[in-house]
Amino acid sequence: METTLFDYALPPELIAQEPVEPRDASRLLVLHRSSGRIEHRRFRELPEYLRSGDVLVVNETKVIPARLVGRREAGGRVELLLLRRRRAGCWEVLARPARRVRSGERLIFGEDLEARVVEEGAEGRRVVEFPGGEQAEAVLKRLGQTPLPPYIRRSSPLERYQTVYAREEGSVAAPTAGLHFTPELLEALRRLGVEVVPVVLHVGPATFRPVRTEKVEEHRLEPEYYRVSPEAAARIERASRQGGRVVAVGTTVVRALETVAARHGRVVAGEGWADLFIYPGHCFRRVDALITNFHLPRSSLLMLVCAFAGRERVLAAYRLAVEHRYRFYSFGDAMLIL
C-alpha cells in the first residue's frame, strides 16, 4: 500500500495555534461509518451520541515539562527533549543539534542544573545524567518547558496541554482527543449511564513523525509503554458482553486496547510496550467508536483512523472539514466516528 494514498491538502491557516475556551466549545464532525453520513456539531453535544451501557475509555497519561533549552560547555545552544526516565537523574533524550552533542560533554541549563552525556545513540538519541538524582528531578520540573509539536509556533501553558483527567506522568505529547473534555461534560456522561474507564499509554515523539517509507507496510512504530488495570479490563469486557459500545478517546487508547486484544483475543489486565501499527486491513477486536482529532498527512495516526472508518470515507470527511474551516491537529477540532 502506497504511503501517498494518505496525503491531503491542508491550508496552513487551519493548523490550530491555540486551544479554544472552554474546552468543549470545539467543533465536532460526526461520521457514521455505516452510511457515510456526516453531521457538524459542537463537542459539548457528545452525550447525544452515547448511551447507557457504553464505556468511554480515556488515556490518563500526563505530559511532563520535557523540553530543556541550554548551552554546551564548549559553546552553542542545545535543546533536549526528555523521552524516558531510566532512573533518578538519568534520562534518554532527543538532542538538537545532535551531531554536536557527544559523549562526555557537559550541558548547562541555568545556574542550578547541568547534565553530562554518557551515551550516544542513533537519530539524535542520547543518554544524559543530571547530578543530584531526585533533587535534579525537582529542578527539571521547574526549568522544563511544554513540549509542544513543531507545527505550533505559539507557547502555551502546560496545564492547557493536559487533559482534565491526566494522572500519571510519562508523555512528551498530549493524547489530544481528550483535550476537549471538561469535568462537567464527563459528569454529564456518567449521569447518562456511560462508564468512564482509564488506561495508560505514554505518548512518545514518534506521534508527530510522518511515515517516510514508500510502502505503508515497511514502516515500524516506536514502542510506547501501556498499562491496563484489572478493573479497567473487567469493565470493558463486561460492557462488550452486555451490548455496550467501547468508545476510545484517541488513537492512543485504540493502540493500547487493540495491542492487548491482538495478543489475548480480549482485553485483559497487563502492561508492556505497544508497537502495533494499525493501518487499513486491521481487524478491530474491541473498539466500537472513536473520538479523535484531525491528523497530519501520511501519519500513522491518520492511517489508524482510515483503518477504522475506511480510507476514502475518512479523506472525504477531511476534505469537507477543510471546506467548513475546521481547525486541525493537536489544538484543533474533533471527530466522532460511530
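Where is arginine 298 found? Arginine 298 is found in the loop between β16 and α5, where helices (H or I, at least four residues) and strands (E, at least two) are DSSP runs numbered from the N terminus. The model is predicted, so that local features need pLDDT of at least 70 and side-chain atom pairs count only at pLDDT 80 or more, while totals for chains, interfaces and linings use all residues. Residues are numbered from 1 along each chain as its sequence is written, and side-chain values use heavy atoms, with hydrogens and water left out.

The strand β16 belongs to an open sheet of nine strands with mixed pairing, in the order β2-β1-β17-β16-β14-β3-β12-β13-β15; two strands pair if DSSP finds at least two bridges between them. Strands of a sheet pair through backbone hydrogen bonds, either parallel or antiparallel. The edge strands, each pairing on one side only, are β2 (38-42) and β15 (270-274), and from one strand to the next the twist averages 25°. Within this sheet, β1 (residues 27-31) and β17 (residues 334-337) run parallel and are joined by four bridges, with leucine 28 standing opposite alanine 334 in β17.

Helix α5 (residues 300-309) lies across β1, β16 (289-293) and β17, and runs at about 150° to β16; axes are lines fitted to C-alpha atoms, for helices over the stretch in contact (heavy atoms within 4.5 Å), and angles run from 0 to 180 degrees between N-to-C directions.

Elsewhere, helix α1 (residues 134-143) has Ala136, Glu137, Val139 and Leu140 as its buried residues, buried meaning under 20% relative accessible area, exposed over 50%, and partly exposed in between (1.4 Å probe, protein chains only). Seen down the axis of α1, these buried residues fall within an arc of 165°, taken from the directions from the helix axis to the C-beta atoms, so they line one face of the helix. That set packs against β5 (67-72), β6 (77-87) and β7 (90-96), whereas Glu134, Gln135 and Arg142, on the other side of α1, are exposed.

Some backbone details remain. Most residues other than glycine have a negative phi, and most peptide bonds are trans. Arginine 298 has a positive phi, near 60°, and counts as partly exposed at 30% relative accessibility. Arginine 325, in the loop between α6 (311-323) and β17, has a positive phi of about 60° and counts as partly exposed at 43% relative accessibility. A cis peptide bond joins glutamate 21 to proline 22, with omega about -10°, in the segment before β1 where proline 22 is found.
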